[in-house]
Amino acid sequence: MTTQSVSVSGVIEIESQTRIDSDTADDLRINQSTSNNCDDEAQRLPVTGVVGGYLSPLAGTYPARSGESTRFDFEQDSQDYFNADLNPGDRVSLQVFSDERLEAPRPRLQIFDGDNREVFVGALGDSQSILHVIESGSGDYTIRVSAQSGGPFRYVLIVAERNAESMMNTAYQNPDFVPGEAIVTFAGVNSNSDAPSSLTSSMSAESVRELRPGVWHLRQNEFKSLAAANRTLAKFKTAAWVQQLRNQAGVSAASPNYIYHAQTTSPQTNSLYGRQWNSTLISLPSAWQAAPNAGVGVGVAVLDTGLFSSTPDTAGNWHPDLEQNVRLVSTSSSSPDFVGLQNDLDNQPGRDSNPADPGDGQPRSSNFHGTHVAGIVSSVDNSIGVVGVAHRSDLIPVRVLGEAGTGNLADLIAAIEWAGNQAEIDVINLSLGGVAPNSQLENAINAAHNAGKLVVAAAGNQGTDEPTYPAAYPNVVGVGAVDAGGERASYSNVGASVSLVAPGGDASRDANLDTRADIIVSAWGTDDEGVFEPGYAGLQGTSMAAPHVSGLFALMKGEKPSLSSDEFFALMVGGQLTDAKENSTEYGAGLINAVKAVDAALDGNIPDVLAASPSVVTFVNNDSQIQLALNQYPTQANISIVGVSADAEWLRVGPELVAGEPAPSMVTLSINAALLGQSQSGTTELQIDYRGSGTVRSLTVPVNVRLSDPNDTRDAGRHYVLLLSADEARNTVYQQVVSAIGGQYRFEFGNVEPGNYLLVAGTDMDNNGFICENGEACAEYPVNGLPQIIEVQETELAGLRMSTSFRRPTINSLGGPRVGFEGYSLNSANSEMSEPTRRMEDSP
């Protein structure tokens, strides 16, 4: 009996507000491009809109991959122009992705107003992204993206209205983690139980260590050994192991042992108090007069690389600007050096009682990041160096970052658990970050918060609106950075990670016109040739901004010892700690003002306030409901609802909000799409009036809807639709090309042999022979990031639906990192397909 081939067909929807550059390399290759190389040819973009594009300063050929006989060429296209109607507070971002086989690109982003005046110019930095927030008036702006030099590159350009949530997730999040290690939460297991050996034995774990009640560090030595030979394969196997752990009975959460990084940039040696523009920017000299205790008796734990010592093998002989304030805290079960064995450079690798920074032994380089952070908080006013924000506070150094300023999730969780249980500690400073959300870390932070510790974290230096953790957790004060003029630093993240801002510096600016770069000067050290010498250096980063806030809390608490972290949140949300900035997306509650903060603490009038999470609600792609959390500060506040209003009839507010009743912890929001009109988009504000402590206040939550584009103008570019083999090889078995019609793609494979396949589709804008790379549009069936096998039998398989976009799912949606994924390979014209879809030249 002969097996009959069958038809496989379906539809690919295009994410709302998606556009494609009109002259990609794929278009130029087949002479189907439309020029957008000058302002008269500029493409119109919607707000909020996402456009994928391609540029190259020259034409050429990609180097052949191993075993590849097909030649892939790239075309010259040195600039693209776009138009968009923008308002103050709207964001324009550029993210760049290139082929690692070629020279790194040097792109440039320029923005011109309606009078053709350049209002912004930026060259790409180390973060591979540029973010600019419109500050001038409303109007029609021209955006120019150009290739200055280097190789070809893909890009994603985004224009986002000021109230839009994170838009810059255009690459698969792939945070680094330790091969062969996992963090596991066991349901029903606490610190009074023995290590869950019966469970770990079934999970291929050779060793187990408790980090906090119910949370354990597991190690799989086979994968760790493999990492020495093939780190990528070891990480791939580790990710699969973690996924298996999640499915085990008795496991409530499992994640890789993620690696964290210090949030700062390279040092510049400078001196000294006269260079501390950051002090005057936040009115510290006046605040010190109102707060003469300067943080006395308040414990600030700096969880970082440790502290400079001239004799690092033994605790003591600390940096002379810090020695007077250093307090070591150690318990019988834990000590202040939590850096694990593999990442430790000191003379006693692994956890110990010495939080001294061992340096790294490299000329003109060191690990003294924690010393710089500590100096911002607690440098003594001794006339020999810099002066800390709370220069009489107790400085408690805790090592969680080792070689090159990196640390891992297991060490960080254990350190936060320890710090949360120490009576001597009042505030925990985390000038680190860079990974996706993790429930075990968040639980450790929540426990510290509930124990009365204020947790402060750097918002991140990636110049993005994607949430950065731990800064974006609700019970963390996330701190963004400003320059000497109080303007957001070019690298500082925006959005959900930013609760407020503080001085962090920007070496590319001289905003206060003192003829010096705007960097933060603080304590430092050198360890050239093993000789440890104290010194000072200038750095920039949200790592520098965070300790200003930790020091501010110590300054306040030094004058009012009863001040709690909960009350600090209430004062922050109530606007009593900051000078408000117009754009809360960039600045959160605003720039800290030490005089206002100390006055608020001394006044003792702590407001009862409500805060919303998320702070902005956005309905996308027909979301039916969104849960809005209402957090009240202080937590024991007695807040009742007075009234609810919204000026759009399409917004529906759930029954949880009742006038005269206590404020609920959660509110359900939904929309009536029939009332949105033809554009299927809208913007409004939900206003919740509430009463606390006899005062009526208002919480305003922006609400945005963007369900579709008018006139079906969505276009993600020519899509290559593939049926792949379901084995690990992922070979392309069937392939066709489709173009957008009416805002969607329709595909049909007419003669598919029965079997198991993966169905994927995407663009190849740079014509390198791969789809679904970062920066390319991508669709995977049924959900992007989580492809599943489809079974083709002997009857037609129709009606398959998936969605394509230049943006990527969050790491939480994916369930973990997508290790080693580099896209899907296309077939070329010399394949045996009945209808070749690409015309490639064979290599000579």
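Let me begin with S693, which sits in the loop between β37 (681–692) and β38 (695–706), where strands (E, at least two residues) and helices (H or I, at least four) are DSSP runs numbered from the N terminus. What we are looking at is a predicted model, in which local features need pLDDT of at least 70 and side-chain atom pairs count only at pLDDT 80 or more, while totals for chains, interfaces and linings use all residues. Residues are numbered from 1 along each chain as its sequence is written, and side-chain values use heavy atoms, with hydrogens and water left out.

N116, in the loop between β10 (106–112) and β11 (118–123), has a positive phi near 65°, and N116 is exposed, with a relative accessible area of 54%.

As background, most residues other than glycine have a negative phi, and most peptide bonds are trans. A cis peptide bond joins Y469 and P470, with omega about 15°, and P470 belongs to the loop between β24 (454–458) and β25 (477–482). Another cis peptide bond joins Y633 and P634, where omega is about -10°; P634 lies in the loop between β33 (625–633) and β34 (640–646).

Now to the helices. Helix α8 (residues 409–420) and helix α9 (residues 439–450) pack at an angle of about 15°, their axes 8 Å apart, the axes being lines fitted to C-alpha atoms, for helices over the stretch in contact, with angles running from 0 to 180 degrees between N-to-C directions. That makes α8 roughly parallel to α9, a label given to angles under 35 degrees, whereas those over 145 are roughly antiparallel, 65 to 115 roughly perpendicular and the rest oblique. Which residues make the contact? On α8 they are L409, L412, I413, I416 and G420, and on α9 they are Q440, L441, A444, I445 and A448, with contact meaning heavy atoms within 4.5 Å.

Finally, three strands form an open sheet of mixed pairing, in the order β41-β1-β48, and two strands pair if DSSP finds at least two bridges between them. The edge strands, each pairing on one side only, are β41 (744–752) and β48 (797–804), and the twist averages 20° from one strand to the next. Strand β1 (residues 6–14) pairs with β48 in the parallel sense over six bridges, and V8 stands opposite L797 in β48.

Conventions
Buried means under 20% relative accessible area, exposed over 50%, partly exposed in between (1.4 Å probe, protein chains only).
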